[in-house]
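Colleague: I'd like to go through this model with you and ask how you know what you say about it. Could you put it up on the screen?

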Amino acid sequence: MKRKLKIVILWVLILLMLTGCWDKIEIEDRAFVMAIGIDLSSSNKRYVVTFQFPNAAQITKGTSGGGGGSEKPSFAVSEVADTIFSASRHISTRIDKALYLGHTQAIIFGKDVVENKDKFQQVLDSLDRSYELSRKVYLLVTPQKAQDILLKKYEMEPNTGAYIRDIFKHYNRTSRFPTIDYNKITKSLHETNGNAIIPKIIAGKDEIKIAGSAIIKNYKLAGWMEDDENMGYMLLTGLVKGGDVAVSTPGDEERIEIPFNISNVIRRRAVKEENGKIIYRVILEVEGDITEYTFEKQMMKGDLLNVIERKTSDEIKKMTQKAINRFQKELKVDMLGIGDYIEKYHPSLWEKVGKDWDKIFPEVEIKVDVTSHVRRIGLFR
Amino acid sequence: MIKNNDKISANQVAIILFTTMVGAGILSLPADVSKEVGPNGLIAILGGGIASLFFARLILYLSSKFPTETFVEYAGKLITRPISIVISAVLVFYFVMFVSLDARIFGEVLKIYLLPSTPIEIIILTMLFSSAYLVRYGLEPIARMSEILFPIMVIPLVLLFLPVLTDVDLSNFLPFMRVSLIKFFKGMLMTTYSFVGFEILYLLFPYVIDRDKLKRSVNSAMFSTMLFYMYITFFVIGIFGYKETREQLWPFLTLIKSINFPVFFIENVEGIIMGIWTFTIFTTIYSFHYFATLILSKLLKAREHSYFVLPAVPIIYLISLIPDSIVTVYKYAGYVSQYMSVFFIAILPILLYIILKVKRLGGKDEEKT
Amino acid sequence: MRFFDKIFGKKNDKKEAKNGTLASNSLKVNLDYIKNKLKDCDDVIYRDIWVGENQQYNLAIVFIDGLVDKDLINDHVLHSLLLDSRQAAPSIEKIKGNLYEVIKKGTITGGDIKQITDLDKCILSILSGDTALLFEGSPEIVIISSKGWQMRSISSPEAETAIRGPREGFTETIRVNTALVRRRIRDPNLKIKQIQIGERTHTDVAVLYIEDIVDRNVLDKVMERLKNIKIDGVFESGYIEQLIEEDWHSPFPQVLSTERPDKVAASLLEGRVAILTDNTPFALIIPTTLATLFQSPEDYYERWMISSLLRILRFLAAIVALVSPAVYIAFTAYHPGLIPTKLTLYVAATRQGIPFPAFFEALIMEATFELLREAGVRIPVPIRQTIGIVGGLIIGQAAVEAGIVSPLMVIVVAVTAVASFAIPSYSAAIAFRMLRFIFMLLAAVFGLYGIMLGFMVVLTHLVVLKSFGVPYLSPFVEIDISDLADTLIKAPLMYFKNRPEILDTPDRKKMKDLREEKIESIEDDRRDNNDKKQ
């Protein structure tokens, strides 16, 4: 009798549980959001959130047949709401699928969001706290409206989110935008109380371009960085994995631009205190290849390589100087990791200056020494 | 019911110790130590580990003086019977609290990462019932289960972190040891929640076959646990830095989400980790569950501990639902680990040791130096 | 054992009291008794003989047509009795009063004879294929072994083929089987104890073990449980398997069944016990652990590296067979975030328009596959090949094109089916097949957590399970490195010095450290060569 009772109870429990399947959503009923765009509404009080997700049915048809046809390869829907996630809830009134954010590849902030300190902080917090969002999303800022970027369909890759992610995957070809992912951005924001660099994205007619970056100071947009400054910044912070520097040398008729293709950068740092002033030295050793020259002249002759190396070093130094000026003189915010370095490697010095770092930073003397080495010149002499 | 003779080997003791200790602690450990000692979390864990080793050996020593009795029985000889009964009852409550807390944390994590809409009650109940199913069979199956789950828990975790090695920034561990001693001890205190588990040494002694190897087992178990925690914390702090780590609730899991495993097509190792983590919690829960019922059975002089296993489930379940939110859960966890744990791990053994020496009690000296 | 008594106790009292009926001196009385008992059995042959110089002594032989070797009876019994005895008749004094002795000792030229006085035992012998020789004037009956029925010749074992290895499999006659084992182990310590089980079938069952190696605990348990079996009939070793197992509720077999004599012989050398049953080619090996279910005798005959890889493959196959559909369900319906993005989109795309949720889809496909498999067993041979291929692929393909299931599902199901065939032991494969459905159900309700729950419960069951005192999951539990060498991988033969630790055998060492010997012999060769050169 006792045994039977146990079995009955067991069965009842099992049956009760079977009524559940609380979380089951069939995969075809989900909308996998690939990219999210966040702007502020015209009254600046609410958010306009855009979700871009691919048209799942289209994917296999595309591979088996030829081109798509009349079907749209991806959808983008916008919603206006008070907070980010209420937007995703409200959208369910219009979309028949359940939004799923676990595969989101990129989040784009419109310019107006980054200019508004409170809103930006709120957005960041909701991203941080979210459990559905993966930490591998890429954050981007656009000077336009994020909605505009996402609502367009791009021929190259209709799935905008994947498009953005793939651009990041090949980042080591160029140093035109900083290779910063979500982790680094939030880390920087937390540690420096609101300073970070976020890559910039703009939409062309039929494609998107990621180049340059936005400077965030105290959770507000403080400016944009373009090409050279960007590269200088990356060199100083050790983020460079590739890129090119154009060096000009005298040629027969005009000056020739020789591209120095960076393959490796070794960065060393040192800090000294002299006469109450802090001197921060960055020593860069750059290695690279030469990929273009004039057809006739030979490279292995004479002093040419040394000349190129010297000129490259100069160019690089100029770039870093631009970045330094930007941060030190113009914005007065330490994004170069100097404070971080001092705190870690010279803690006694940090104890002295740490509290007033914001004031001391603009006075720091930053010296950059660059040496370049040409390692390879291609297949030709 | 297949009878087991409840005899286990010293090797199995080491494994049981390890799997019991490694439980819910790994989730929050890096955050807790970062809060107190900043980038020196690793050292704090090292300190905590050594201290735990010391106390574990102390408890082992105490138990070895009474080779055929568990704590419930021999405590009465050292401190008077009534007090020992009270302390044993508190020990039961202590173990039950841990099961409840761990079950609750497990439910919370699962709800966030895997099953958002499933009622947490169901998650906790299923886990508790599985534990009850195993615990009813006694100590031997528990030892075997731990033996099987141990490599499954450890090896994938160790291997999965390796690709992240390149992203680790060693400078995140500087500045080195520029923290006050008080803070450091506080940091060590934070690690207690993660090292809780070796109190079972109060009860294990009579069931072990090769007792002379027990010292080595305890050593290896404590060291392995400590190394394991250090390994994980190394990666967390190495990638996030201490400032970011202390902001997060479960830095371990956030780290998992960030790992990119490019080799195989598996982008997300999250799934595997969640599965393995289920086993980790399972080993902790069933161990405490068993020992709680064991003490109960000894206190109430029952023949079989299995009578108490099922009735314990609803009690644990109800307790686990008491805290409102994860915030209160950790508050309670803090109380329990900082007050009760310290008592059982540190204060009580020292007290008993002193009384032991004073009264010169105990059986033949089991220790071979 | 108490619980066995409870089950079989009712049958206990019926057959117990038979003590047997003693034969009388009168031939007629004895014959009548036999004829009465074997009434309406028209295959029983009775032959009266008169022997002696003047044919004065009356004898009778009784046998069953079809069970006996007629040549033996004709040549050795009848011929000797009728003709030879006349030619070489002993003196009358010797014969008088002791005809029986004379004949038994001197006349019958058949090899295997014994004498009994119990008529019921006599009938039992006749029913087993022996010939009974009854005498006038003596209660002694001579039983001549004359078994010679039609049987299947030794052929290759159907269920366990191997690429390398002997192609002999057991047959349905127990004597042939014991011979197959004897040929492989020519050790006087190989003991074969025979008992009869089954109240009505009296089936011969032989227990084989090697005396100085066997684990005594296991052996005693086996004998005890065999003796306690009280059942009507035993037709296959499967009956015995179920009756002596400890936990018959478990889906996992605690006894290994095999058709291969080499497997039996190898197990005996490890200290295990084997049981052979008449009328079935399947022998039982006791005790068994989960690890032995994954071993195939080929592993020992081939090179160790390939064997190790194959073993690992088999373990993975078992996991795949167990959990694939469940994983599919869990990840598509519950946690799409855990699979790579491209795969997610692909799966979502392929599942557009499928009318069933993933769980039902999986269930339907799996059930269909099981149906096909079961049907395939009974299909007449000419069509069997076609159905196998037709069923699997074409039905699956048709289902996909009809839009009922997604192509990925078909692949998952096919892979599962193939994987379950990779497990050497059929009974173990069945266990995984059954459990697969439970995992699917758990995955459908709880997603990934359900699969973990399934593992926890199944592992608990396995951890508790014991096969005759040996924990089922040895050597993964109570870890002994030396045993592990034969489980996950297959270490070279050189490393197997000792018998398995899990069995408590008296004689541990089974092989001298061959490595040392091998090195020694190489050294010797080298020295010899050097000497020759000089």
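Predicted model: local features only at pLDDT ≥ 70, side-chain atom pairs only at ≥ 80, totals over all residues.

Colleague: What makes β7(C) and β9(C) a strand pair?

Modeller: Two strands pair if there are at least two bridges between them. Here 4 bridges join β7(C) to β9(C), and the two run antiparallel. So β7(C) and β9(C) meet the cut-off.

Colleague: And how many bridges join β6(C) to β7(C)?

Modeller: There are 8, again with the strands antiparallel. C:Leu190 faces C:Ile210 of β7(C) there. The β6(C)–β7(C) hairpin has 5 residues between its strands, and C:Gly198 takes a positive phi near 110 degrees in it.

Colleague: What is the order of the strands in the open sheet?

Modeller: The 5 strands of chain C come in the order β6-β7-β9-β10-β8, with antiparallel pairing.

Colleague: Why do β6 and β8 of chain C stand at the edges?

Modeller: Each has a single partner strand, so one side of β6 (190–197) and one side of β8 (256–258) is left without a neighbour in the sheet. From one strand to the next, the twist averages 25 degrees.

Colleague: Which helix packs on the sheet?

Modeller: Helix α10 (residues 261–269) of chain C does, touching β7 (203–210), β8, β9 and β10 of that chain. Its direction makes about 50 degrees with that of β7(C).

Colleague: Why do you say β7(C) is largely enclosed?

Modeller: Because 7 of its 8 residues are buried.

Colleague: Why is C:Lys227 called exposed?

Modeller: C:Lys227 has 11 other C-beta atoms within 10 Å, and the cut-off for exposed is 12 or fewer. So C:Lys227 counts as exposed. You'll find C:Lys227 in helix α8 (residues 216–227) of chain C.

Colleague: Which residues touch the most other members of the largest nonpolar core?

Modeller: That core has 322 residues, and A:Val33, B:Phe95 and C:Ile451 are among those touching the most other members. Helix α5 (residues 81–113) of chain B gives the most to this core, with 16 residues. A second, separate core of 24 residues includes C:Leu59 and C:Phe63. In general, nonpolar side chains tend to be buried together in soluble globular proteins.

Colleague: What is A:Val33 in contact with, leaving aside its neighbours within four places in sequence?

Modeller: Its contacts include A:Phe51, A:Phe53, A:Leu99 and A:Tyr100.

Colleague: Last one: where does pLDDT stay under 50 in chain B?

Modeller: Over residues 362–369, for which the model has 11 contacts beyond four places in sequence. Chain B as a whole averages a pLDDT of 84, and 94% of its residues score at least 70.

Terms used: Residues numbered from 1 in each chain as written. Chains lettered and ligands numbered in written order. Core = buried A, V, L, I, M, F, W, Y, C linked by C-beta atoms within 7 Å. Buried ≥ 20, exposed ≤ 12 C-beta atoms within 10 Å, placed from the backbone. Contact = placed C-beta atoms within 7 Å. Axes fitted to C-alpha atoms, helices over the stretch in contact; angles between N-to-C directions. pLDDT = per-residue confidence, 0-100.
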